[in-house]
Amino acid sequence: MTVGPDGGYHLQEQIGFVLRKANQRHLAIFSARIGDLTPPQFAALAKLKEVGETSQNQLGSLIAMDAATVKGVIDRLKARGLVEIGKDGADKRRLLVSLTAEGRDLIGRLVPLAAAITGETLAPLTRREAATLLRLLGRIA
């Protein structure tokens, strides 16, 4: 609802405000469980685990990050020894990103924690409500 029953605008009923509060809750839970990685860093590692070596630009697209943001994320992960960057043999301008052994080990240990984080974030909802919420958010995302 964008306008309250009294015809007025109520911030707490606006989608952006509610999404921000839900995101703040999720980020607090994430930080408490996985404090040494940011959510974008985790997303990059998780997607690399899923798809394997990919270009930096493709990784950014897959995790909904612009080129500048994903470059910074990859640079920080590389500095920690979690990913490696190489040149594409066919196109020297294209940077390929892959997990290191340390990165594979770390993300393997963190995926169960991430599932628990999702569960804790969605804990106030029934399973059916959680599934509906994710489906509906997917439609507007």
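Author: We go from the fold pattern to overall shape, then to the core. Keep in mind that this is a predicted model.

Reader: How many helices and strands does the protein have?

Author: Start with the element count, then the order. Here there are 6 helices and 3 strands. Along the sequence they run α-α-β-α-α-β-β-α-α.

Reader: What radius of gyration does the protein have, against that of a compact globule of 141 residues?

Author: Set the value beside the globule rule. A compact globule of 141 residues would come near 14 Å, but the protein has 18 Å.

Reader: Which share of the contacts joins residues 24 or more positions apart?

Author: Such pairs account for 47% of the contacts with a separation of 6 or more. Burial is another reading: 29% of the 141 residues are buried.

Reader: Which residues have the most contacts inside the largest nonpolar core?

Author: First the general idea. In soluble globular proteins, nonpolar side chains tend to be buried together. In this model, the largest nonpolar core has 24 residues, and L37, L45, L77 and V83 have the most contacts inside it. At least two core residues come from each of α1 (15-33), α2 (39-51), α4 (67-79), β3 (95-99) and α5 (101-121). With 5 residues, α5 gives the most.

Reader: What does L37 touch, beyond residues up to four places away in sequence?

Author: Trace its partners in the view. L37 touches F30, F42, L45, L77, R80, L82, L106 and L110.

Note on methods:
Residues are numbered from 1 along each chain as its sequence is written. This is a predicted model: local features need pLDDT of at least 70, side-chain atom pairs count only at pLDDT 80 or more; totals for chains, interfaces and linings use all residues. Side-chain values use heavy atoms; hydrogens and water are left out. Helices (H or I, at least four residues) and strands (E, at least two) are DSSP runs, numbered from the N terminus. The radius of gyration is taken over C-alpha atoms; the globule rule is 2.2 Å times the number of residues to the power 0.38. Buried means under 20% relative accessible area, exposed over 50%, partly exposed in between (1.4 Å probe, protein chains only). Contact means heavy atoms within 4.5 Å. A nonpolar core is a set of buried Ala, Val, Leu, Ile, Met, Phe, Trp, Tyr and Cys residues joined through side-chain atoms within 4.5 Å.
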